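Welcome, and thanks for taking a look at this one with me. Here are some notes to read alongside the picture, as numbered points.

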Amino acid sequence: MQKKLVTLTATAILGLTAVSAQAAILDDVKAKGYVQCGVTGGVPGFSAPDSNNVWTGIEVDFCRAMAAAVFNDAEAVRYTSLTSQERFTALSAGEVDVLSRTTTWTMSRDTQLGISFVGTMFYDGQGFMVRKADGIESALDLSGAAICIESGTTTELNAADYFAANGLEFNTVVFVDQDEVVKAYEDGRCDVYTTDSSALAAERSKFANPDDHIILPEIISKEPLGPVVRAGDTQWFNLARWTYFALLEAEELGVTSANVDEMLGSDNPAIKRLLGVEGDFGTPLGVTKDWAYQIIKHVGNYAESYDRNVGPATPIGLERGLNALWKDGGIQYAPPIR
Amino acid sequence: MTDIGFVRSELVTARPAPVRTTGAIAWAQKNLFATPLDTVLTILGLLFLAWIIPPLYGFFFGNAVGPNGTVEQCRMENAGACWAYIAAEMEFFIYGFYDIPEQWRPNIVFALGAILLVPLLIPKAPFKRTNAVLFIVVYPILSYFLLAGGVFGLKVIPTEKWGGLLVTLIISVIGITLSFPLGVILALGRQSQLPIIKTVCVGFIELIRAVPLITILFMASIMLPLFMPQGMTVDKFLRAIVGVTLFTSAYMAEVVRGGLQAIPRGQYEAASALGLGYWKRMWFIILPQALKHVIPGIVNNFISLFKDTSLVYIVGMKDLLEAVKTKNDTALEWQSANTATTGYIFAAMVFWVFCFGMSRYSMYMERRLNTGYKR
């Protein structure tokens, strides 16, 4: 009996514990050969298993982009499913190198948890869904309508604030569980369902007839979702941040995974700098000078990732909205690479 | 006055029992319609069955979409269970994120486990000792290297990719095989005369029993990393196994202690009088009797451990139930009114099969070992 215990324990300890030095994260990552990426348990479009049981999603693509920048290989990523309670502990304890898990950027998180937000991969915000047949076109028409809502959430507070500010009558049907809220809306117990717009879209895609429901244009709260890294490691933070900017810059310059090889011959100096044809912006980040080329080649630019995972052609069907580039009317903006 | 008597010269041939005491009608009269209340209850029961069975049959079979169906069929009005969804996502439910080309490795582990476990469970099968050593010592090590890879040119599959039924079974099997001996040792320790051993065992049992399993798993996933030296991590899977095992062993200890206390003092004294030492006394005299008493309690713990494995979703692991839930939430291409329901029904059926199996086996063992008290 004891022999068995000892054997098992020894095997387990040898195989399953990992000690890494307190060196820079990038050095650790290079030494172990992969990026450890913290993701959700499964949120369609953001991080979820696809039909081949491989992680996909816009947030997964960010981790793949980082792996491409470091290893020239977007598959050099290992994923850890994290619950919302354990995500920050896992990040600060070094269990994951980057947390890309529908995490809202707030001041207290950014300043008090020993973590740094890299940027906003996705501007989310609370929206309203109604039945098309009801003929409602704006949230301002919702006075007195029965609203299905999850109790004790910021969702509820945001909606109450919005209704009070606009002088509308606030009439809620409260549930404790998100699934119950959706069910109640689907069964017609209320006229309106409100939560973050990305979740609204994902839930709508599960309805029997998604086209019977519309998401109103008003967004009443700010939920900037972005990747997070441990605070204090500037090199790793910069690599994460410029991976994000490279995705945006590539879209802005029209560089896609399909045309990136042709673009190597482009005369546009901005493209030359982005792809490492001119100048070397990779070495200061601790990677090779073609880092952005590798990202675009393996993952694509921001638009490709968006369209593939959450865009109008997917079941989630989210328009770009705020997430369009600044020149297209959105607020996604990358500083110049020079 | 002589011819007044009549004496039969032969026995009356036995007549068949009245029709109304045998056969289906009589049985029904006796058991279903004996009193007016019985009659009313029977009719209500039949009405209930008539009300519940056709829709259930329709949902599970009649209107259900078979494994080869399409999502369009599942989305049709009045469609029943969407078995096609289960068939399509079966790989995720069984293996989780385990690389599809490498899934022969868990298959071998499953097959080896069955081959080693079945003879171990059949009392008449030979080579018990070799079999036990193979199952308890060789099999876990072999399985670990086979599943994790990194040796003999096998591709490394980190434990984050393990999931589904694979995880449920690994945690249960390891939990069951470790928590039982641990529980016995703790129970013996709790009865020990040696103060340190006794204190440690009592302290452990009372500490672990006083907190919910969910708390232990939370501790393992959220607190533990904070205590570890910076940069050192312990695999989440290992943490979950250790948590579940320690938790069950504390309960197991109390069940075994119940058995120990049922053994009359005379048995202990008789064993001592034979000149046996402590371990021999326990191994040959006390434990065989004590454990026999508490088989239902032990199996109860095994079954609850098996079901409790689904709590490992707290540490972000995808056991069978969580794998089903993940696909219910994310497999948008399979969404229909009954998709999620079908997924949960599938998970419930799998859990039921395993738990019912354990329960039946324990009843068999009880009957087999019930030698001393059979009346």
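This is a predicted model: local features need pLDDT of at least 70, side-chain atom pairs count only at pLDDT 80 or more; totals for chains, interfaces and linings use all residues.

1. The UniProt annotation "transmembrane region", from an unreviewed entry, includes residues 40-60 of chain B.

2. The same annotation also covers, among others, residues 200-228 of chain B. Here the chain is 86% helix and 0% strand, with the end C-alpha atoms 24 Å apart.

3. Stepping back to the whole of chain B, you will find 15 helices and one strand. The radius of gyration of chain B is 29 Å, well over the 21 Å that the globule rule gives for 375 residues, so chain B is more spread out than a compact globule. Its C-alpha trace spans about 120 × 75 × 40 Å along the principal axes.

4. How much of chain B is buried? Buried residues account for 34% of its 375 residues. As for contacts in chain B between residues at least 6 apart in sequence, 67% of them join residues at least 24 apart.

5. Now to chain A, where the domain assignment gives domain 1 (21-123 + 225-319) and domain 2 (126-221). The C-alpha centres of these two domains of chain A are 32 Å apart. Eight residues from domain 1 of chain A and four residues from domain 2 of chain A take part in the contact. On the domain 1 side, the touching residues are six nonpolar, two polar and no charged.

6. An unreviewed UniProt entry places the annotation "domain: Solute-binding protein family 3/N-terminal" on residues 34-267 of chain A. That span is 34% helix and 22% strand, and 35 Å separates its end C-alpha atoms.

7. Do have a look at strand E2 (residues 35-39) of chain A. Five of its five residues are buried, so the strand is largely enclosed by the rest of the structure. In a regular strand, side chains alternate between the two faces of the sheet. In E2(A), A:Val35, A:Cys37 and A:Val39 point one way, while A:Gln36 and A:Gly38 point the other way.

8. Which strands are joined to E2(A) by bridges? One is strand E5 (residues 77-81) of chain A, which runs parallel to E2(A) and is joined to it by five bridges; within E5(A), A:Tyr79 is the bridge partner of A:Cys37. Another is strand E6 (residues 98-99) of chain A, also parallel, with two bridges to E2(A); there A:Leu99 stands opposite A:Gly38.

How values were computed:
Residues are numbered from 1 along each chain as its sequence is written. Chains are lettered from A and ligands numbered from 1 in the order in which they are written. Domain bounds come from an automatic or database domain assignment. Two residues are in contact if their C-beta atoms, placed from the backbone, lie within 7 Å. Ala, Val, Leu, Ile, Met, Phe, Trp, Tyr, Cys and Pro count as nonpolar, Asp, Glu, Lys and Arg as charged, and the others, Gly among them, as polar. UniProt positions are given in the numbering used here, feature names are shortened, and annotations may be inferred rather than shown by experiment. Helices (H or I, at least four residues) and strands (E, at least two) are DSSP runs, numbered from the N terminus. The radius of gyration is taken over C-alpha atoms; the globule rule is 2.2 Å times the number of residues to the power 0.38. A residue is buried if 20 or more other C-beta atoms lie within 10 Å of its own, exposed if 12 or fewer, and partly exposed in between; C-beta atoms are placed from the backbone. Two strands pair if DSSP finds at least two bridges between them.
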